[in-house]
Amino acid sequence: MLLPLAWGSLFFPGLFGVCTWGLRRARPAWTHHDCVMISTRLVSSVQAVLATGSGIIVIRSCSDVITDRSSGESLGTSLSAASSQQN
């Protein structure tokens with residue numbers, strides 16, 4: 001679980017930096033604010049597409065998204081485990 005977090009922590013800021021740098025080179029007449037705004041929107045769009053794709057994969061791989069769990073635990077056991085961890 002930490003590996004995707006690490007890759008995402010590198011990928012999205014890196015994409016933002018590359019987009020900002022590329023826009024400053026491709027459009028020198030644009031202000032820094034314009035390049036940052038376009039880069040932010042592009043990174044947000046990429047993140048939205050990837051999140052939608054992963055959601056579609058989850059929905060298509062489960063017969064019942066709410067109760068279908070691969071580890072065999074039910075909603076009740078996971079809720080009780082979560083509440084016992086909070087106490």
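## Basis and confidence

This is a predicted model, in which local features need pLDDT of at least 70 and side-chain atom pairs count only at pLDDT 80 or more, while totals for chains, interfaces and linings use all residues. Residues are numbered from 1 along each chain as its sequence is written, and side-chain values use heavy atoms, with hydrogens and water left out.

The mean pLDDT (the predictor's confidence in each residue, from 0 to 100) of the protein chain is 84. A value of 70 or more is reached by 78% of its residues. Where pLDDT is low, the predicted coordinates should not be read in detail.

## Overall architecture

The protein chain holds 3 helices and 0 strands, in the order α-α-α from the N terminus on. Helices (H or I, at least four residues) and strands (E, at least two) are DSSP runs, numbered from the N terminus.

Of the 87 residues in the protein chain, 10% are buried. Buried means under 20% relative accessible area, exposed over 50%, and partly exposed in between (1.4 Å probe, protein chains only). A contact is defined by heavy atoms within 4.5 Å. Among contacts between residues at least 6 apart in sequence, 31% join residues at least 24 apart.

The expected span of a helix is 1.5 Å times one less than its number of residues. For the 25 residues of helix α1 (residues 2-26) this gives 36 Å, which agrees with the 36 Å between its end C-alpha atoms.

The buried residues of α1 include Phe-12, Leu-15, Cys-19, Thr-20 and Leu-23, and they pack against α2 (32-61). In α2 the buried residues are Cys-35, Ser-39 and Val-43; what covers them includes α1.

## Residues between the two helices

Ser-39 lies in helix α2 and counts as buried because its relative accessible area is 0%. Leaving aside neighbours within four places in sequence, Ser-39 is in contact with Phe-16, Cys-19, Thr-20 and Leu-23. The side chain of Ser-39 also reaches the backbone oxygen of Cys-35 at 2.8 Å. A polar contact is a pair of N or O atoms within 3.5 Å; within protein, one must be able to donate a hydrogen and the other to accept it, and residues adjacent in sequence count only if both atoms are side-chain atoms.

Thr-20, in helix α1, has 10% relative accessibility and therefore counts as buried. Beyond its neighbours within four places in sequence, Thr-20 is in contact with His-32, Cys-35, Val-36 and Ser-39. Leu-23, also found in helix α1, is buried with a relative accessible area of 18%. With neighbours within four places in sequence again left out, the contacts of Leu-23 are Trp-30, Cys-35, Ile-38 and Ser-39. Leu-23 and Asp-34 are 11 residues apart in sequence, and their C-alpha atoms are 9.1 Å apart in space.

Leu-42 is found in helix α2. At 40% relative accessibility, Leu-42 counts as partly exposed. Its separation from Phe-16 is 26 residues in sequence and 8.0 Å in space, C-alpha to C-alpha.

A search of the whole structure finds 1 aromatic pair. The ring centres of Phe-11 and Phe-12 are 5.1 Å apart and the ring planes stand at 75°, so the pair is edge-to-face. Rings of Phe, Tyr and Trp (its six-membered ring) pair if their centres lie within 6.5 Å; planes under 30 degrees apart count as stacked, over 60 as edge-to-face and the rest as tilted. Phe-11 is partly exposed, at 40% relative accessibility, whereas Phe-12 is buried.
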